[in-house]
Amino acid sequence: MAKLTIHPDKIQSKINSEIYGHFSEHLGRCIYGGLYVGEDSPIENVNGMRTDVVEALKEIRVPVLRWPGGCFADEYHWKDGIGPKENRKKMINTHWGGVVEDNSFGTHEFFELCRQLGCKTYINGNLGSGTVQEMSEWVEYMTFEGVSPMADLRAKNGHEEPWHVDYFGVGNENWGCGGNMNPDFYANEYRRYQTYVRDYKAGSHIEKICCGANVDDYEWTKEVLKTCFNHSPEALHGFMDGLSLHYYVHPEGWEIKGSATQFDDAVWYKTMSKALFMDELIRRHGAIMDVYDPDKKIGMIVDEWGTWYTVEPGTNPGFLYQQNTMRDALVAAITLNIFNKHSDRVKMANLAQIVNVLQAVLLTDGDKMIKTPTYHVFNMYKYHQDSMLLDSSIETELIGVDDTYQVPNLSESVSLDKDGVMHITVANLSTDTAYPVEADLGRFAGTQISAQILTGEIHDMNTFEAPETVHVQDFDGVAKTQDGVSFTIPASSVIHIAVK
């Protein structure tokens with residue numbers, strides 16, 4: 001019997017809703033055919049945005065959406081995506097698939113999508129191939145209220161009122177596709193560019209995100225912060241609000257990656273082990289951030305994360321289209337539990353990517369749409385958004401095929417929402433073993449219990465022919481005990497328990 005111990009009187013930190021954020025890039029069919037079909041499409045839409053997709057995303061309470069990239073962001077010139085669509089520039093998307101980008105989805109369309117979703121906006125600016133003037137004018141175009149060249153241009157293009165930009169990324173992956181920069185060079189560029197990401201409206205602040213490290217490049221984190229903080233005591237007051245981190249799970253390594261659907265138990269545990277590496281990354285990068293920011297005013301922004309496999313056979317290699325199984329559901333559950341546990345430092349995370357790309361929550365094919373196992377995990381975990389993390393721990397044992405990739409059998413996190421409801425999420429990483437769990441709720445006096453489960457064989461997935469193979473079900477296996485609750489979690493499962 002695994003013991004889950006919860007201390008309801010020990011509140012750790014607030015779990016920002018933005019930890020459950022998403023990422024949309026001009027890549028493959030994420031934007032075109034996924035989120036956006038155009039006003040004249042026979043697929044049901046509102047102002048060009050797919051109705052089925054928007055409604056599904058509203059259900060999981062998408063809190064924030066990052067756009068336009070990714071590597072695409074550092075080749076994106078925003079003026080190409082405004083004005084009459086017939087006059088917008090066409091280009092070849094050299095990063096992703098070599099297809100024509102007609103810029104019919106641009107700034108106005110992005111804000112319309114976020115309006116429909118009811119989510120916050122995260123714009124990624126072009127530092128790699130753009131200029132300070134270009135970035136400055138984009139911020140002016142989006143947010144300036146009054147008389148100015150860019151505000152007048154915005155009004156001419158049909159939107160007189162300014163929008164609100166919640167987050168602005170000053171460059172993307174500048175250690176790689178965003179310019180192959182050294183950390184001190186990028187940090188000085190960040191200092192210069194961020195100066196012109198102005199807060200034009202009194203009382204309104206754009207949170208500025210600095211480009212952080214790729215995986216375990218701790219030297220990047222150290223050198224960027226060292227340079228940014230040099231002669232910059234204002235760094236904690238709007239100079240830098242977040243530092244990003246990118247990490248993808250490649251089961252077979254960056255070059256091979258491996259199939260999304262064909263894997264054995266050994267590869268399953270290898271995948272789980274690599275997902276769990278996120279905890280070490282947050283701790284070690286966080287320790288460096290603590291040197292410069294001991295009060296944790298600068299958020300760690302994990303704005304690209306998820307599984308990355310070899311593309312599905314017969315699809316464009318540059319479109320990064322992959323299927324989604326129970327393996328991905330477990331990776332999502334593990335990772336979100338880790339983010340919850342580190343919510344004192346992690347303030348935002350964006351799954352890559354929202355539709356039709358990498359670990360997508362939705363897949364589309366023409367007018368069809370399916371919800372992936374990952375979608376269902378986000379739907380179960382949405383109750384953690386803006387809740388308070390409670391101190392908790394669970395007894396675990398190491399499992400795996402051999403000694404190479406041993407992982408703990410269980411992963412958990414617990415929160416208390418504003419209505420006083422306790423939310424417990426537990427994931428079973430085993431391919432074949434169920435585990436009984438006894439949860440001690442401390443002095444929490446909840447008596448009303450409800451639970452949901454997502455479970456299946458490790459290869460189970462949803463397809464357009466069988467869209468409901470993996471779905472959330474009510475779980476009646478939770479029993480009240482003297483000290484809390486008990487249940488048995490099946491192999492390859494994720495459970496959400498609410499106690500009121």
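## The disulfide and other cysteines

In this predicted model, in which local features need pLDDT of at least 70, side-chain atom pairs count only at pLDDT 80 or more, and totals for chains, interfaces and linings use all residues, a disulfide joins Cys 71 to Cys 177 with an S to S distance of 2.2 Å. Residues are numbered from 1 along each chain as its sequence is written, and side-chain values use heavy atoms, with hydrogens and water left out. A disulfide is here a pair of cysteine sulfur atoms within 2.5 Å, and a search of the whole structure finds one. The link of Cys 71 and Cys 177 is left-handed, with -90° about the S-S bond. Cys 71 lies in the loop between S5 and S6, and Cys 177 lies in the loop between strand S9 (167–170) and helix H5 (183–194), so the pair ties together parts that are 106 residues apart in sequence. Strands (E, at least two residues) and helices (H or I, at least four residues) are DSSP runs, numbered from the N terminus.

Cys 71 is buried, with a relative accessible area of 11%, whereas Cys 177 counts as partly exposed at 28%; buried means under 20% relative accessible area, exposed over 50%, and partly exposed in between, using a 1.4 Å probe and protein chains only. The sulfur of Cys 114 has its closest cysteine sulfur in Cys 119, at 3.8 Å, which is too far for a bond. Cys 114 is buried at 4% relative accessible area, and Cys 119 is buried at 11%.

## Aromatic pairs

The structure holds 26 aromatic pairs, where rings of Phe, Tyr and Trp (its six-membered ring) pair if their centres lie within 6.5 Å, and planes under 30 degrees apart count as stacked, over 60 as edge-to-face and the rest as tilted. One of these pairs is formed by Tyr 76 and Trp 138, whose ring centres are 6.0 Å apart and whose planes stand at 55°, so the pair is tilted. Tyr 76 lies in the loop between strand S5 (64–67) and strand S6 (91–92), while Trp 138 belongs to helix H3 (residues 132–143), so this pair ties together parts that are 62 residues apart in sequence. Tyr 76 is buried at 2% relative accessibility, and Trp 138 is buried at 3%.

The rings of Trp 78 and Tyr 141 have their centres 4.9 Å apart and their planes at 50°, so this pair is tilted. Trp 78 lies in the loop between S5 and S6 and Tyr 141 in helix H3, so the two tie together parts that are 63 residues apart in sequence. Trp 78 is buried at 1% relative accessibility, and Tyr 141 is buried at 0%.

## Charges over rings

A charge sits over a ring if NZ of Lys or CZ of Arg is within 6 Å of the ring centre and within 35 degrees of the ring normal. Arg 29 lies over the face of Tyr 321, at 5.2 Å from the ring centre, and the charged end of Lys 257 sits over the ring of Trp 254, 4.1 Å from its centre.

## The open sheet

Ten strands form an open sheet with mixed pairing, in the order S23-S22-S26-S20-S19-S16-S1-S21-S25-S24. Its edge strands, strand S23 (473–474) and strand S24 (479–480), each pair on one side only; two strands pair if DSSP finds at least two bridges between them. Strand S16 (residues 388–394) and strand S19 (residues 410–416) run antiparallel and are joined by two bridges.
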